[in-house]
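Subject: Structure for your review

Dear colleague,

Please find below the structure I am handing over to you, followed by an account of what was found in it. I would be grateful if you would read the two side by side.

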Amino acid sequence: MEIILTECVQHSLRDFMYSNAIFICERLCAEFPSETNLQLLASCYLRNNQAYCAYHILKGTRMAQSRYLFAKSCFQMDLLNEAEAALCPVNEPSVEVPNGAAGHYLLGLIYRYTDRRKSAIQHFKQALSIDPLMWAAYEELCILGAADEASVVFGEAAALCMQKQYLHHGSGSQNMHETNEDHNLVSARNFGLEDVSPRQLKLMQGNNVRDIPGNYHGATISGASSQPPSGMSNVSFYNTPSPMGTQLSGAAPPPLCRNFQQNGPNVTMLGADSSPKSTVNSTIQAPRRKVVDEGKLRKISSRLLFDSGTRRSTRLSGEAGANTNAASTVVSGNGTSNSSKYLGGSKLSSMALRSVTNRKGQAWANENSDDGMRNENFDDSRTNITSAASASSASGGARSLELEGATMPVGGVSMNGSRVYSGMSEILGLLGILGEGYRLSCMYRCQDALDVYLKLPHKHYNTGWVLSQVGKAYFELVDYLEADRAFNLARRAAPYSVEGMDIYSTVLYHLKEDMKLSYLAQELISTDRLAPQSWCAMGNCYSLQKDHETALKNFQRAVQLNSRFTYAHTLCGHEYVSLEDFENGIKSYQSALRIDARHYNSWYGLGMIYLRQEKFEFSEHHFRMAFQINPRSSVIMSYLGTSLHALKRSEEALMMMEKAILADKKNPLPMYQKANILMSLENFDEALEILEELKEYAPRESSVYALMGKIYKRRNMHEKAMLHFGLALDLKPSATDVATIKAAIEKLHVPDEIEDNL
């Protein structure tokens, strides 16, 4: 009865019928109370977003898997101290973190949100060392600014780790296969099936237990509770070994149940139920099984063996120009012509065409003032990735020969070891490119990140996640038009995804595209009302209409939905500043920094508040913190220079303004501030020269003409001063600027010495 109920719960979970799974599992726990069954009930509640139920069910439990599930429920309820105590009991410091890589990842998150950065980094790295494919851990390391180069993380060491896992699977599955046949023979005799052939016994393995006649007389059931029977290894929560057998039953289970437990989910049953893959450290669990069409697998494997070397070498090092024909053949084979129609004549069209020439990224790099520096950095990163890949393939060739005779179970099918290694190399190569691009983005080396993303195959580049990352990179480069195109493509590729849409709404805000922003916000709300990104878009929509109070309510709603969504706190701060509520603005920015200390937008926001309050030392400190995180932002450099000038450190301020101008020549702010500093130093000629150049970049900027009027007044050239003051007023400046300009006109003939005394 226990096995039947357990299988029913598993079947309901696989079909996403969580309420049915909870009901049946409650019957299971009532009939057969055990901690293993409580784990299953808690996992049902967790999947149904009822963490508080799992919390009360597992409170006080001791088994390793129970501790992990309890910590998971505590984390979702924001009870971080209890979650940490469950994973690392204070009175038992030598106890291992439960559930392998997933346990270390969860502990890393707890340390991150309790401001223990070093411990968080340690556990994220530990999670990656156990499971090299745990991308989420590498993402967190990138966010913390502590990630190693992707070519190292997803390189030879990761391949060896995966290889050991699969070799462990291979030896384990062979032993278990032999043992299971023996158990089946014993079981067949017990059921009066002495005449059943071994072939029929193999088929019988795929049948459900409830189809086999016989009575267990209670002995089987008591033993079966010691481990999750049948398909329970499918549930990700059950993948950490725990002392279930020794704690709950001193005797080994009868043969039929032992076979059932060790064999895991059987092939026929999983094929019918379409169960999900198990996600755990494969070195410590029973072999995973999944039905795979052997014909397709052979076809895939042979394709990997045939073109993995050619495609990877072309993708990673083919830019040097060698073997152009082979490279272009591979590129055209990726289905190049599909996305060019979406991209028009933008820079992004070069991405979609995927030609080897355009992959170099030279066409984009040449548009920037610091081409040499960016190309040099990119070449270094490209060399690292290429050398790592070539080293991996060189040693991998010898290793493939070692594995030639070995067989490994992959998805329930035995495969040649060299084919498995080839597949590992392909996966790690792909993750290496994605990881390096993401790492560079988190370091705000956005042009380098864009160049790395161009190395991706066409089918991976044109996915929602990658295009969103491309859009974010352009956003940080203050190229809002290209960011708009990239995010628009991401919406087409994945219209159901809200990933990065908060940044897209800010892009449209800066472009003053009120119609597109309103449409995006409505679409996101209709797609997912419970996503913070949707409410951030709605808030930006109201903020663009100058309705700051309604915008603030929408951003607060985003915070309410996810209190760890950093950008929502920052947007709240911006709205408080617009409402001149500086106290609450400071609180919002500080809340964002408690979640992510590298969120430079909040450091910048605090600097702006202190600058407006004329607390120049505080503003200089916060702008410098933002500058250390993002040393390529022209805007941050400009305001840091302004703070330095206010502190009478004019030479440092001028040097910072020069850096800001070189970082982005299209940004008029540093040029204007430099002219302002030069005017205060009475270097009028150089200041006027800069402002004349600035008029070409910003011909309708009233403040430029107003500053020129002030300089001409200081030089006693009253007619030119009056002309420029008039031009400034004609450009319809803000009410505050209008008052300032009119006051300057009234004092036009008053000497500067007397004006300063007034």
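**Findings**

Lys512 has a relative accessible area of 63%, over the 50% cut-off, and is therefore exposed. Please note that the model is a predicted one. Lys512 belongs to the loop that connects helix 29 with helix 30 (514-527). Its phi is near 55 degrees, a positive value in a residue other than glycine.

Glu580, which is not a glycine, has a phi of about 60 degrees, and is located in the loop between helix 33 (566-578) and helix 34 (582-595). With a relative accessibility of 54%, Glu580 also counts as exposed.

Helix 5 itself covers residues 64-76, 13 residues in total, and its first and last C-alpha atoms are 19 Å apart, close to the 18 Å expected at 1.5 Å a residue. Eleven of these 13 residues are buried, so helix 5 is largely enclosed by the rest of the structure. Among the buried residues are Arg67, Tyr68, Leu69, Phe70 and Phe75. Their cover includes helix 3 (35-47), helix 4 (51-58), helix 6 (80-87) and helix 7 (100-113).

Helix 27 (residues 464-476) packs against helix 28 (residues 480-493) at an angle of about 165 degrees, and their axes are 8 Å apart. Because of this angle, helix 27 is roughly antiparallel to helix 28. The crossing of helix 27 and helix 28 is left-handed. Sorted by class, the contact of helix 27 with helix 28 comprises eleven nonpolar, three polar and two charged residues. On the side of helix 27 the residues include Leu467, Val470, Lys472 and Phe475, and on the side of helix 28 they include Glu482, Phe487 and Leu489.

Finally, I draw your attention to Tyr509, found in helix 29 (residues 501-510). Tyr509 counts as partly exposed, at 24% relative accessibility. Tyr509 and Cys541 are 32 residues apart in sequence, and their C-alpha atoms are 7.3 Å apart in space. Leaving aside residues up to four places away in sequence, Tyr509 touches Leu517, Asn540, Ser543 and Leu544.

Yours sincerely

Key
Residues are numbered from 1 along each chain as its sequence is written. This is a predicted model: local features need pLDDT of at least 70, side-chain atom pairs count only at pLDDT 80 or more; totals for chains, interfaces and linings use all residues. Side-chain values use heavy atoms; hydrogens and water are left out. Helices (H or I, at least four residues) and strands (E, at least two) are DSSP runs, numbered from the N terminus. The expected span of a helix is 1.5 Å times one less than its number of residues. Buried means under 20% relative accessible area, exposed over 50%, partly exposed in between (1.4 Å probe, protein chains only). Contact means heavy atoms within 4.5 Å. Axes are lines fitted to C-alpha atoms, for helices over the stretch in contact, and angles run from 0 to 180 degrees between N-to-C directions. Angles under 35 degrees count as roughly parallel, over 145 as roughly antiparallel, 65 to 115 as roughly perpendicular and the rest as oblique. A crossing is left-handed if the near helix is turned anticlockwise from the far one by less than a right angle, and right-handed if clockwise. Ala, Val, Leu, Ile, Met, Phe, Trp, Tyr, Cys and Pro count as nonpolar, Asp, Glu, Lys and Arg as charged, and the others, Gly among them, as polar.
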